[in-house]
Amino acid sequence: MISHSSGLYILLVSVHGLIRGENLELGRDADTGGQTKYVVELACTLAKHPQVERVDLVTRLIDDPKISSDYAKPVEILSDKAQIIRLACGPRRYLRKEVLWPHLDTFADELLRHIRKVGRIPNVIHTHYADAGYVGCRVAGWLGTPLVHTGHSLGRVKQQRLLEQGTKLEAIEDHFHISTRIEAEEITLGGAALVIASTSQEIEEQYSIYDRYQPERMVVIPPGVTLEKFYPAPADWPKPPIYKQLQRFLKEPEKPMITAISRPAIRKNVGRLIKAFGEDPKLRELANLVIVLGQREDISTMESGPRQVFSEIFQLIDRYDLYGHVAYPKHHVSDDVPDLYRLTAKTGGVFINPALTEPFGLTLIEATACGVPIIATCDGGPRDIIGACQNGLLIDPLNIQDIQKALHQALTNTAQWQDWSSNGLVNVRQSFSWESHVQQYLEKVRLFPQQKVQSLLSPVREFPTSDRPQWKIPDTNHLPTADRFLVTEIDNTLLGDQEALHKLIHRIRAEGHTTGVGIATGRNLRSTLNMLEEWEFPMPDLLITSAGSEIYYGPKIVTDTSWEKHISYNWQPAAIREAMKDIPGLELQPPDTQGKFKISYFVDADKAPHFREIIRHLRQQQLPVKGIFSHNMYLDLLPFRASKGDALRYVALKWGLPVKQFLVAGASGNDESMLTGNTLAVVVGNYSKEIHKLRGYPQIYFAQGRYAWGILEALDHYDFFGNLSVIQPEPEMVAV
């Protein structure tokens with residue numbers, strides 16, 4: 001389905017809700033609203049642009065008998081250049097967004113697998129909402145890809161509003177996991193190259209309360225409306241199917257309609273709209289009230305928020321005896337929504353959004369495109385919409401009299417109604433079309449450095465940071481595109497001979513166009529970076545540090561937190577130190593050599609017990625550890641799931657690269673776990689004696705050359721830049 005031009009590859013990420021290409025179930029729950037519609041329409045419109053080659057909209061795969069099987073399809077084609085990709089994210093059943101946080105690292109890993117299958121790094125990763133921002137920050141950091149983010153709604157703002165309404169902070173945290181969401185938003189704002197907001201108010205009043213507020217990276221690009229679906233009714237337009245449903249509720253269905261469409265959320269303020277209507281007999285004479293709040297079956301089975309909204313609505317309808325004056329259908333399909341707008345216009349009615357706050361208001365521009373005047377809250381996006389379209393009034397959503405006054409004006413001033421309708425039809429096409437949105441979007445994207453699939457040692461750019469050495473960073477990471485990987489220890493392997501190192505760098509640049517480069521070392525991250533910088537070795541794609549207990553991905557040195565979670569199981573560092581303190585011949589190494597998942601000792605071999613006895617002692621204390629003894633003087637204790645070899649295999653699995661296509665180079669005992677097994681391995685000529693036992697292993701090549709000379713030998717031995725052959729005679733043994 002995908003063409004092979006040189007256009008942009010754009011990856012959109014929207015984790016939660018029910019996303020599909022047709023018949024979106026808008027309003028089904030709190031997670032399936034404007035954002036799901038936004039991302040689908042953005043994907044489809046981007047794909048129409050000639051500069052765009054491929055658009056993947058990535059979301060969560062859901063296999064749940066309670067919902068449509070559409071959401072269990074791994075791939076859904078939207079057009080010849082756009083598709084929805086669904087990936088695993090925790091349990092297969094449908095979950096609300098607030099409980100997805102523990103599963104987002106898995107989703108990030110699955111997203112990497114997808115990119116690996118595509119075989120091309122996206123030019124842009126564009127995330128939607130805080131959960132996708134968390135995922136996108138990690139993946140974009142791993143790949144060195146620009147991150148674009150659209151917040152849709154913000155946690156700090158939500159928290160403020162709920163507190164103002166009297167909700168206790170503990171209750172907010174318990175239900176919404178708000179601190180996790182806010183932290184994800186802070187991280188995303190710090191890492192995003194561009195934040196797209198729908199309104200200037202969103203930037204100036206909402207994002208400004210964040211610590212990582214960077215207005216110079218923010219731009220207002222309003223969402224669009226699909227003009228092919230939302231348009232005025234022609235003169236001979238027949239009554240649509242939804243009209244029959246409304247007739248069931250209304251005594252005089254031909255009256256003008258006051259229409260409200262939203263999710264059943266408390267902040268949508270529908271109850272106050274019903275009060276305004278119910279307390280004004282003249283309004284009831286003038287018009288009918290039509291309220292469409294998504295889909296419902298039995299409200300007793302709904303979550304507490306929607307259940308509370310519907311309970312209030314039914315109580316108010318009964319209190320004011322509005323039967324015959326208010327329609328509130330249980331079901332509708334997506335095609336009914338534009339018909340509702342057209343019905344509203346045909347009856348001379350008005351569309352109203354009385355929400356307490358509205359980040360943008362897609363329904364407002366949809367109604368406008370159908371020729372309906374609008375009345376909307378003065379908080380948020382409606383200010384920009386009405387300012388641009390000149391097609392209605394802003395109201396104080398807390399003031400019932402203000403709502404009533406605006407409705408009276410719209411329903412009784414025929415000339416004003418016609419002006420608003422005409423203004424909206426003209427101006428919405430100029431300011432709020434998806435084509436206009438995409439044009440502005442791509443103009444901003446063109447300012448990013450264009451990604452190239454290139455060798456690690458291709459020309460690099462400066463990437464200064466405040467907390468790391470000044471560093472020359474490559475533009476991209478090769479993990480998604482490499483078909484082979486060279487991974488080497490630093491000490492006594494990669495570094496030690498400057499001439500050999502320079503020759504190795506030159507060969508990778510000249511021949512390793514599909515080769516990724518990694519480091520696997522006992523050093524901690526800072527020490528590793530300092531050594532590589534001192535020897536002028538370019539930033540690797542992969543860093544396995546602290547003897548395999550930490551994994552980082554370049555070019556932005558992003559931590560693999562999934563690995564941390566994996567190895568942390570039953571790790572008891574305090575108990576380990578206590579159990580080790582009375583063993584003779586051991587001395588803790590300095591604090592800067594210790595790690596979160598590594599405890600390191602100097603060993604006096606003349607005084608200390610044998611390595612195996614030390615490990616047995618710890619196991620007898622019910623302390624599962626993995627011990628690595630090297631150079632006859634260093635002991636590293638790690639979680640039992642951690643080692644260089646385990647880390648390397650984890651990376652290979654995560655990124656979908658066969659272990660047999662990793663060439664690993666080492667020289668001491670702490671390299672043993674990555675040298676053995678199915679990797680292609682080389683032991684350089686200056687190796688330590690504890691590794692001599694590996695001689696004779698079928699895929700471990702003992703080189704004559706010392707340091708990087710040995711790695712260069714191995715490149716030829718395995719034809720590493722060619723066909724990856726492994727059967728060649730070894731050189732004569734040399735003294736070590």
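**Salt bridges and nonpolar cores**

The count of salt bridges comes to 34. The model is predicted. Side chains of opposite charge can pair when their charged atoms come close.

Begin with Arg54 and Asp56. Their side chains meet in a salt bridge, at 3.1 Å from N to O.

Now move along the chain to Lys598 and Asp636. These side chains also form a salt bridge, 3.9 Å from N to O. Lys598 sits in the loop between β22 and β23, while Asp636 belongs to strand β25 (residues 634-639). The pair therefore ties together parts that lie 38 residues apart in sequence. Lys598 counts as buried, because its relative accessibility is 3%. Asp636, at 7%, counts as buried as well.

The loop between β22 (586-588) and β23 (599-603) also holds Lys596. Which residue pairs with Lys596? The partner is Glu564, and the closest N and O atoms are 4.0 Å apart. Glu564 lies in helix α20 (residues 561-567). This pair links distant parts of the chain, 32 residues apart. Glu564 is partly exposed, with a relative accessible area of 22%. Lys596 is exposed, at 58%.

Some charged residues join in a network. Arg20, Glu25, Arg28, Asp70 and Lys73 are linked this way by salt bridges.

Next, turn to the nonpolar residues. The largest nonpolar core has 136 residues. Which residues have the most contacts inside this core? They are Val139 and Met580. Helix α3 (residues 129-143) gives the core its largest share, nine residues. Val139 touches Ala108, Leu111, Leu112, Ile115 and Ile125, leaving aside residues up to four places away in sequence. Another core lies apart from the largest one. This other core has 97 residues, including Leu42, Val225, Leu340 and Ile374.

Finish at helix α9, which spans residues 270-278. Why is this helix largely enclosed by the rest of the structure? Seven of its nine residues are buried, so the rest of the structure largely encloses the helix. The buried residues in α9 are Val270, Gly271, Leu273, Ile274, Ala276, Phe277 and Gly278.

Key. Residues are numbered from 1 along each chain as its sequence is written. This is a predicted model: local features need pLDDT of at least 70, side-chain atom pairs count only at pLDDT 80 or more; totals for chains, interfaces and linings use all residues. Side-chain values use heavy atoms; hydrogens and water are left out. Buried means under 20% relative accessible area, exposed over 50%, partly exposed in between (1.4 Å probe, protein chains only). Helices (H or I, at least four residues) and strands (E, at least two) are DSSP runs, numbered from the N terminus. A nonpolar core is a set of buried Ala, Val, Leu, Ile, Met, Phe, Trp, Tyr and Cys residues joined through side-chain atoms within 4.5 Å. Contact means heavy atoms within 4.5 Å.
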